[in-house]
Amino acid sequence: MEKFKRIPYGISNFKQLRRENLYFVDKTPYIKRLEDSDHFLFLIRPRRFGKSIFLNMLCAYYDLNEKDSFDTLFDGLWIKEHPTPEKNGFQVLKLDFSRIVGGREKLIQSFDGYCGTMLDGFAERYKTLYPDGFVEGVKAASDASQKLNYIDRMAKETGARLYLIVDEYDNFTNDVLNEQGEKVYHALTHATGFYRDIFKQFKGMFDRILMLGVSPVTMDDLTSGYNIASNITMRPEFNMMLGFSEDDVRQMIRYYQGKGKISREEEDIVAEMRPWYDNYCFSEDSLSTDPKMFNCDMVLYFLKNLIQSGHSPKQMIDPNTRTDYGKLKKLIRLDGTNTYRTGIINEIAEKGYTIGNIEESFPAEHLTQPEKFKSLLFYYGMLTISERFGARLKLGIPNLNVKKQYYDYLLEEYQAIRPMFLSDLMDSFDAAALDGEWHPMLEYITTNYKETTSVRSLIEGERNLQGFMNALLNLNPYYLTAPEVELSHGYCDFFLMPDLTRYPMIAHSYILELKYLKADATEAEADKQWTEAREQIRQYGQGSKVQIMTHHTKLHLIVVQIRGYELNRMEECV
C-alpha cells in the first residue's frame with residue numbers, strides 16, 4: 001500500500017514533522033499577515049491549539065541558518081510560492097518559559113539558568129557570523145542579562161537582525177500567581193523584578209518579537225509604563241491562525257480515506273467530533289465571516305485512534321492532555337473566597353453561557369473582579385464568543401470537552417460536601433439507556449440532591465438544582481446531555497440525546513422537564529406548575545427535529561418537580 005503521512009500527534013518540532021513526512025495543516029499564509037501587522041506582537045490562545053508547532057515553523061522560516069533547507073522544509077506549502085522579503089533573514093532566539101520551574105527561592109536561579117543555556121546555544125549556532133571570541137564572550141557573561149547585553153552589542157556592531165520568539169511567556173508567572181500569591185508575582189513583574197527587567201532588554205534588542213501565551217495578565221503587568229507589543233489576540237485576521245477549521249478536518253479525513261486508512265463516512269466522523277472539539281471563536285468581528293474552530297490536538301488524538309484501531313477512542317477527551325481541574329479551582333479561589341465565581345460557574349453550567357464583555361488586558365490585582373473572571377475563562381478556552389447580545393457578548397461553553405470540565409468541577413464540590421457512591425448511579429444509567437427503566441436514575445439524583453444540598457447549598461434555589469442535575473447526568477456515557485435545547489414551542493431543561501455512534505445498543509432517549517418550587521409553595525401553586533409542565537413537555541416531544549435527534553430509540557417525556565430540597569413528584573407523560 002502507498003506510504004501515507006502519519007498523524008503528528010504530540011509533535012511540536014516542525015523540521016522533524018516535515019522531514020518525516022507527517023501530516024501538516026498549512027498555516028503559512030499567516031506569516032505574511034504577521035509581517036504586515038507590527039514588529040512586536042502578542043497573542044493569547046488556549047492550551048493545545050497548536051501554538052508550539054506554529055512557532056517552531058516560524059523559527060524555521062526566519063532562521064538564516066535554514067536558508068538552504070527552505071525548499072525542503074516548505075515544499076508544497078503556501079509560503080513556498082509566496083515568500084516574504086524577510087524569509088531566512090534573522091538570527092532567531094526561541095524561548096519556552098514552560099521550562100522554568102521551582103519554588104520561590106529557586107525561581108530566579110531556574111530562570112537565569114534556562115535563559116543562559118539558550119543564549120549560549122544561540123552563540124554557538126551563529127558564531128560564524130561574529131568575530132572570533134564571540135561564543136567565549138557570551139559564555140563568560142555572569143548571568144542571562146549580561147549575556148543579552150553582550151549579544152546585543154555584538155549584533156549591532158555586525159549589523160545582525162534578531163528575532164525573538166517566546167512560547168508560554170506567562171507559564172511560570174501564572175504558576176507563581178496561583179501557587180505563591182499576588183505579592184510574589186508582583187515582585188517578579190513590577191518595579192525592579194527580574195522578569196520585568198529582562199523584558200525591557202528585549203524591546204531595545206530585537207528587530208521582531210512574537211510572544212504567545214494563555215493569559216493577558218502577565219503582559220499587562222509587564223508592559224505598564226512602556227509599550228512592548230501589539231495585542232493581536234482578538235483581531236479577526238488572526239482568528240483562524242491556530243486550531244483547525246472544519247474544512248481542515250474534512251481534508252484530513254479525505255486524505256486518510258484515500259490512503260485506505262479510514263473506512264468510515266466523512267459526515268459520520270465530523271458529526272461525532274464536532275460536539276466534542278469544535279465551536280471556538282476568538283474575535284467578535286469574525287462571528288459572521290469565519291467558521292468556528294476545532295481544538296487541533298483533540299482532532300489529532302481522535303484521528304490517530306481511528307486510524308490505528310478502526311474506531312473512535314473510547315474516551316473522547318484525551319486523558320494525557322486534559323486540563324487539570326486544579327487550574328479551574330485555583331481560578332475560582334484567587335482571593336481565598338469563591339462565592340461569586342462559583343455562582344458564575346453554576347450559571348454557565350446551567351445555561352451553557354453567560355453574558356459579558358472580554359477585557360483585552362488587565363493586571364493581576366483585578367483578577368477577582370467578576371468581569372475579569374469571565375474574561376479569564378475565555379482566554380483559558382473555557383468560554384468562547386457565541387454571538388452578540390446587545391452591547392455585550394454571549395460567551396458560551398464551546399463543546400462537550402469543556403462542558404465536562406465544568407460539571408466535573410461541580411461534582412467535586414458536591415462530593416466535598418457529602419460523598420456520593422457513584423457505582424449505583426452508573427448501574428441506573430445502564431437500566432435507563434438499555435431497558436427504559438428511568439426511575440432508579442432519577443431517584444438516585446433527587447435523593448442525593450436532598451442529602452447534599454441540605455447540608456450546605458452552594459447557591460440557593462433553582463440554579464443549584466440545575467447545576468446538581470447537570471453534574472450527575474453528564475456522567476452518563478450513553479447520552480450527549482444537553483441543557484436548554486430548543487425544541488417545539490420552547491427550550492427543554494434536559495435532552496438526553498443518544499450517542500448511537502459510540503453505543504448503537506441504546507434503545508431509549510429522554511426529555512426531562514425540571515420544575516422547582518420554594519419550600520413554602522402551596523398545593524395550588526404546585527398543581528398549576530405541574531399541569532403547565534406536562535403540557536409543555538408534550539409539545540417538546542412533537543416535531544421532526546426530535547425524531548431526528550432520537551433516531552430509532554423510544555422517547556420518554558419525564559417531568560420532575562422539586563419542592564425546596566424534596567422530590568414532590570415525577571412522572572412520565574405519554
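Predicted model: local features only at pLDDT ≥ 70, side-chain atom pairs only at ≥ 80, totals over all residues.
Local features were considered at pLDDT of at least 70 and side-chain atom pairs only at pLDDT 80 or more, whereas totals for chains, interfaces and linings use all residues. Residues are numbered from 1 along each chain as its sequence is written, and side-chain values rest on heavy atoms, with hydrogens and water left out.

We can start with the parallel sheet. Helices (H or I, at least four residues) and strands (E, at least two) are DSSP runs numbered from the N terminus, and two strands pair if DSSP finds at least two bridges between them. Five strands, in the order S2-S3-S4-S1-S5, make up an open sheet with parallel pairing. At its edges lie S2 (91-96) and S5 (230-231), each of which pairs on one side only. Two bridges join S1 (residues 40-44) to S5 in the parallel sense, and phenylalanine 42 has asparagine 231 in S5 as its bridge partner. Across S1, S2, S3 (162-167) and S4 (208-213) lies helix H11 (residues 194-205), running at about 140° to S4. Such angles run from 0 to 180 degrees between N-to-C directions, with axes as lines fitted to C-alpha atoms, for helices over the stretch in contact; contact means heavy atoms within 4.5 Å.

A second open sheet has three strands in the order S8-S10-S9, paired antiparallel. Strands S8 (353-356) and S9 (384-389) are at the edges with a single partner strand each, so one side of each lacks a neighbour in the sheet. From one strand to the next, the twist averages 30°.

Turning to the helix pair, H14 (residues 266-277) and H15 (residues 296-309) pack at about 145°, with axes 11 Å apart. The contact brings Ile269, Glu272, Met273 and Tyr277 of H14 against H15 residues including Met298, Phe302 and Leu306.

Finally, the cysteines. With a disulfide taken as a pair of cysteine sulfur atoms within 2.5 Å, the count is zero. Cysteine 59 has 13% relative accessibility and therefore counts as buried (under 20% relative accessible area; exposed is over 50%, partly exposed in between, with a 1.4 Å probe and protein chains only). Cysteine 492 is also buried, at 0%.
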